[in-house]
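Trainee: I have a new model on the screen and would like to learn how to read it. Please take me through it feature by feature.

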Amino acid sequence: QHVSFFSRSTSHAALIYPWETYASFRALEFNTLISLVSALDFTLHVGYPTSEQVVPGCPVYVERIARAKHGSDTGSYDRNGEFGEVDFGRIWDFDNEKKDGLYFSEIVNMWIANRNMFDVAGFLFQVFLWGSFWLLAADGERILRKEDVRRLYDGSIFYEIEERRRKGERLPWWRGGAS
C-alpha cells in the first residue's frame, strides 16, 4: 500500500518504473542527486524480488511487493505483506523519552538492534528507507513522529507532503531539498 505513491502512471499502476520513482522523490522535493540514487536503490532492492524473470527487467511489480521484504527491518510487515500492529509497536521501544517519536540517534539504535548477521543489503536498504523518511518528515524538533510513521506504512503521508510542496512548503537544503 505504501508504495502506490511511487507509481505515477494510471496506465500501468501495477508497475513502478525507475523514472517514476525518480519523479516521486522530486515531487517530495528531494534534490536531483538524492532522487536519482533513490530511484536506482529502490529499483535494485525491490525490482529483483518482485520479478518473475531469471534476469529481471527494471519495473517493480506492486502485486508481488511482499516478496521484497528484506532482513534487518522492523518486522512491521510480515512475509505476506500484512501490517502487524504489535511489531509496529516495538519500533517505539527505541523512543527513550516516550515522546511518541524518534530522534535520528534513536533510529540509528533501531537499525543496529534490527540488523541480521551477514545481511548487508537488507541493513543498507533499511538505512536508506529510514534515513530518507527522517529527512522528509522529521518535525522542527528533528523528531520523526509516531503518527507520521503510521502514515508512512499506509502511504498517505507521501500524498500529503506532495500537496504541501505544491503549496510552497520547501524541504530544507540540508535535508536533501532541491533549493
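Trainee: Let me start with one residue. Is Arg 142 buried, partly exposed or exposed?

Mentor: Some ground rules come before that. This is a predicted model, where local features need pLDDT of at least 70, side-chain atom pairs count only at pLDDT 80 or more, and totals for chains, interfaces and linings use all residues. Residues are numbered from 1 along each chain as its sequence is written, and side-chain values use heavy atoms, with hydrogens and water left out. Now the idea: buried means under 20% relative accessible area, exposed means over 50%, and partly exposed lies in between (1.4 Å probe, protein chains only). Arg 142 has 45% relative accessibility, so it counts as partly exposed.

Trainee: Where is Arg 142 found?

Mentor: Elements first. Helices (H or I, at least four residues) and strands (E, at least two) are DSSP runs, numbered from the N terminus. Arg 142 sits in the loop between H5 and strand E4 (144-145). Its phi is positive, about 65 degrees, although Arg 142 is not a glycine.

Trainee: What is phi of Phe 118, and where is its place?

Mentor: Phi of Phe 118 is positive too, near 65 degrees. Phe 118 lies in the loop between helix H4 (104-114) and H5. Phe 118 counts as exposed because its relative accessibility is 78%.

Trainee: How many helices and strands does the protein have?

Mentor: There are seven helices and four strands. Along the sequence they run β-α-α-β-α-β-α-α-β-α-α.

Trainee: How do I read the overall dimensions? What is the radius of gyration of the protein?

Mentor: For 179 residues, a compact globule would come near 16 Å; the protein has 16 Å, so the two agree. The C-alpha trace spans about 45 × 40 × 25 Å along its principal axes. Of the 179 residues, 46% count as buried.

Trainee: How much of the contact pattern in the protein comes from residues 24 or more positions apart?

Mentor: Contact means heavy atoms within 4.5 Å. Take the contacts with a separation of 6 or more: residues 24 or more positions apart account for 53% of them.

Trainee: Show me that on a residue. What does Asp 41 touch, not counting residues up to four places away in sequence?

Mentor: Asp 41 touches Phe 125 and Phe 128. Asp 41 is found in helix H2. With a relative accessible area of 17%, Asp 41 is buried. From Asp 41 to Leu 129 is 88 residues in sequence, but 9.9 Å in space, C-alpha to C-alpha.

Trainee: Now helix H6. Is Asp 148 buried or exposed?

Mentor: Asp 148 is in helix H6 (residues 146-154). Its relative accessibility is 16%, so Asp 148 counts as buried. Leaving aside neighbours within four places in sequence, Asp 148 is in contact with Phe 133, Ala 137 and Ile 157. At 27% relative accessible area, Lys 146 is partly exposed. With neighbours within four places again left aside, Lys 146 contacts Phe 88, Trp 92, Asp 100 and Gly 101.

Trainee: Which residues are buried in helix H1?

Mentor: In helix H1 (residues 18-27), they are Pro 18, Glu 20, Thr 21, Ser 24, Phe 25 and Ala 27. Their cover includes strand E1 (15-16), helix H2 (32-50), helix H5 (120-137) and helix H7 (156-166).

Trainee: Last topic, the rings. How many aromatic pairs does the structure hold?

Mentor: Rings of Phe, Tyr and Trp (its six-membered ring) pair if their centres lie within 6.5 Å; planes under 30 degrees apart count as stacked, over 60 as edge-to-face and the rest as tilted. The structure holds 17 such pairs. Phe 5 and Phe 6 have ring centres 5.3 Å apart and planes at 90 degrees, so this pair is edge-to-face. Both residues, Phe 5 and Phe 6, are buried. They belong to one aromatic cluster, whose members include Phe 25, Phe 125, Phe 128, Phe 133 and Tyr 159.

Conventions:
Rg over C-alpha atoms; globule rule 2.2 N^0.38 Å.
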